[in-house]
2 protein chains.
Amino acid sequence: MAGTDRARIETGEGPAIILVEPQLGDNIGMVARAMANFGLSELRLVNPRDGWPNQRANAAASGADYVVEAATVYPTLAEAIADLNFVYATTARPRDMIKQVLAPDEAASTMREHLAAGNGVGLLFGRERWGLNNEEVAIADAIVTFPVNPGFASLNIAQAVLLMAHEWRRSAGGERSERKRGEGHGFAMEGTPATRRQLQALLDHLESALEEAKYFYPPERREKMWLNVTGIFTHMRLAEEEMRTMHGIIAALERRWQKGTEGAD
Amino acid sequence: MAGTDRARIETGEGPAIILVEPQLGDNIGMVARAMANFGLSELRLVNPRDGWPNQRANAAASGADYVVEAATVYPTLAEAIADLNFVYATTARPRDMIKQVLAPDEAASTMREHLAAGNGVGLLFGRERWGLNNEEVAIADAIVTFPVNPGFASLNIAQAVLLMAHEWRRSAGGERSERKRGEGHGFAMEGTPATRRQLQALLDHLESALEEAKYFYPPERREKMWLNVTGIFTHMRLAEEEMRTMHGIIAALERRWQKGTEGAD
C-alpha cells in the first residue's frame with residue numbers, strides 16, 4: 001500500500017484500484033481524485049494506452065497527485081493481480097456468465113472482511129470505451145454492478161471509481177461514530193441537548209410573557225391553547241444554546257412592551 | 001415531476017435537485033447526467049450565472065437532455081423551494097450551526113419517507129466555487145455531508161449529485177418502505193407539514209417583530225443572530241397548524257407592546 005506523509009491525508013488499508021488499459025490521462029487523474037476523496041491510495045494500471053508517466057494524469061489529479069505518483073504499471077492484468085487474493089470486476093451490467101453479482105455496498109463489506117483477514121483485494125475497472133473483456137471478467141471472483149437507471153446507464157470510469165470508493169468508506173461504519181445527540185434517531189445534531197428542567201424554564205418564561213400579553217383568550221380556551229404551545233416547544237427539541245436564543249427573543253419582545261409603557265419610543 | 005415518454009427511462013417520484021447559482025453550463029449538464037443515471041429528473045436552478053437556456057448544459061448532458069430541458073429556473077432560493085415541505089443542504093462539512101447532520105444514506109431514506117407521505121422534498125447543492133452560504137444552509141431542515149477524506153474533500157458538484165442520486169436509488173431497497181413518517185427519527189409529527197413559503201412568512205413576521213423590539217443589538221451581530229433564529233425555526237419543522245399558533249404568539253406579544261404605547265394598560 002502506497003503511503004504518504006501528508007498531514008490529514010488518510011490512506012490505510014484498502015482495495016487496489018486497477019484500471020485495465022485506460023485510454024485518457026485525464027481519466028486516470030480523475031480516478032486518483034475520486035480515490036483520494038474517500039481515502040483510497042493504491043492505483044494499478046494495466047498497459048495504459050498513452051504510456052506512463054502521463055502529464056495529463058498529473059494535471060487532472062491536482063491535489064491527488066500523490067496517488068498518481070505512487071501508481072504502479074503492469075503489462076498484463078495477470079501480472080497486476082498476481083499478489084492479490086480476491087479480485088472484483090465492475091461492469092455496467094451482469095454478463096452472460098455464471099458469477100456472483102454484488103451490489104457496491106455488498107462488495108465493499110466483503111472486501112473489508114477479506115482485507116481484515118490479511119488478504120490482498122483488487123477492484124477492476126475497464127477501458128473507457130468498452131469496459132472489460134469477458135476474459136477479464138472471468139478471472140474475477142465476483143462482478144460488481146451499480147443500480148443505474150437501465151435507460152441511462154453511462155457512468156464514466158472516474159464516476160464508477162467514485163461510487164465504489166464512497167461505498168468503501170461507508171462500509172467502515174466510522175461515519176456514524178461521531179454522533180452525539182440523536183443517537184438511535186437516525187441523525188446527529190450538534191449542540192448540547194437541553195434538559196427537561198431547561199425546557200420547563202423556557203415554557204415558564206413564555207407562559208408569563210403570554211399571560212402578560214393577554215394571549216390566552218377567551219379564558220375557557222386557555223388550557224387547550226397552552227397545551228398546544230407546550231407541545232410545539234417540546235417537540236422542537238432545542239439544544240441548550242438554542243434555549244438561550246429563545247429566552248432572548250421572548251425577553252426582547254417583553255422589553256419592547258415595557259419600553260412602550262414608559263412612553264420611551 | 002417532469003415526465004418523459006422515452007422507453008426505459010425511469011423517472012417517477014424523487015427529490016428535486018436544486019442548484020444554487022451554478023456557474024458553468026457544463027456542470028449543469030453533468031449534474032443532469034448524474035441524475036439520469038439513477039432515475040432522478042426534477043432539476044431546479046437558482047439564478048444560473050450564465051443565464052438560461054445554456055447550450056453548454058445541453059451539450060454536456062448528452063442523453064440526459066430531457067432533464068436539462070425540463071429544468072425550471074428561479075430568481076431566488078426562497079422561490080425555488082416555496083412549494084416544498086422538506087429541504088436538505090449538502091455541504092462539504094458540518095457548519096457551525098445547530099442542525100441535524102445526515103449521512104447520504106440516511107438522507108435518502110428520510111427523503112423517501114417524506115415523499116411517500118405526499119410531501120415535496122428538495123436537495124440543495126451550492127456554487128462550484130464556494131458552496132452554499134450560511135443563510136442558505138440555515139433554511140434547510142438538515143445538512144447532508146459525505147464521508148470524505150478530511151485531507152482531500154474536494155467533490156465537484158456533479159460528483160456530489162451522483163453520490164446522492166446513487167443513495168437515492170439504493171434506498172428504494174424496500175426494507176424501510178413500511179415505516180410511517182417520523183418513525184425511527186425520534187419525532188412524530190402530526191398535522192400537515194408546512195411549506196417553505198409558510199415558514200418564510202413566519203420568519204418574516206418574527207423578524208419584523210424583533211426589529212421593532214430592537215432585538216438585534218449590537219448591529220454588527222445582527223447577521224449572526226438572525227442566522228441563529230432562522231436555524232432554530234427551520235429545524236422546528238412546524239406543522240401548518242403550529243405555524244398558526246406561532247403567528248398568534250408573536251402577534252400577541254406585538255399587540256401587547258402596541259397597547260403599551262397607547263398607554264392603555
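Which residue in β7(A) does T90(A) stand opposite?

## Strand β4 of chain A

In this predicted model, T90(A) stands opposite V144(A), a residue of β7(A). The pairing belongs to a set of 4 bridges that join β4(A) to strand β7 (residues 142–145) of chain A, the two strands running parallel. A parallel arrangement is also found with strand β6 (residues 121–125) of chain A, to which β4(A) is joined by 4 bridges; there, V87(A) has G122(A) of β6(A) as its bridge partner.

Of the 6 residues that make up strand β4 (residues 86–91) of chain A, 5 are buried, that is, under 20% relative accessible area, and the strand is therefore largely enclosed by the rest of the structure.

## Domains of chain A

Chain A is divided into two parts, with domain 1 covering residues 6–170 and domain 2 covering residues 196–264. Between the C-alpha centres of domain 1 of chain A and domain 2 of chain A there is a distance of 58 Å.

## The second largest pocket

The second largest pocket holds about 530 Å³ of space, and its lining is made up of 23 residues, those nearest its centre being A92(B), R127(B), E128(B), G131(B) and L155(B). Among the elements of chain B, β4 (86–91) and α7 (157–170) each contribute at least two residues to this lining.

Note on methods:
Residues numbered from 1 in each chain as written. Chains lettered and ligands numbered in written order. Predicted model: local features only at pLDDT ≥ 70, side-chain atom pairs only at ≥ 80, totals over all residues. Heavy atoms only, no water. Domains from an automatic or database assignment. 1 Å grid on protein atoms, 1.4 Å probe; cavity = no way out; pocket = protein on both sides within 12 Å on 5 of 7 lines; lining within 4 Å. Points joined across faces, edges and corners; volume = space filled by probe spheres on them. Buried < 20%, exposed > 50% of the residue type's maximum accessible area, 1.4 Å probe, protein only. Pairing = 2+ DSSP bridges.
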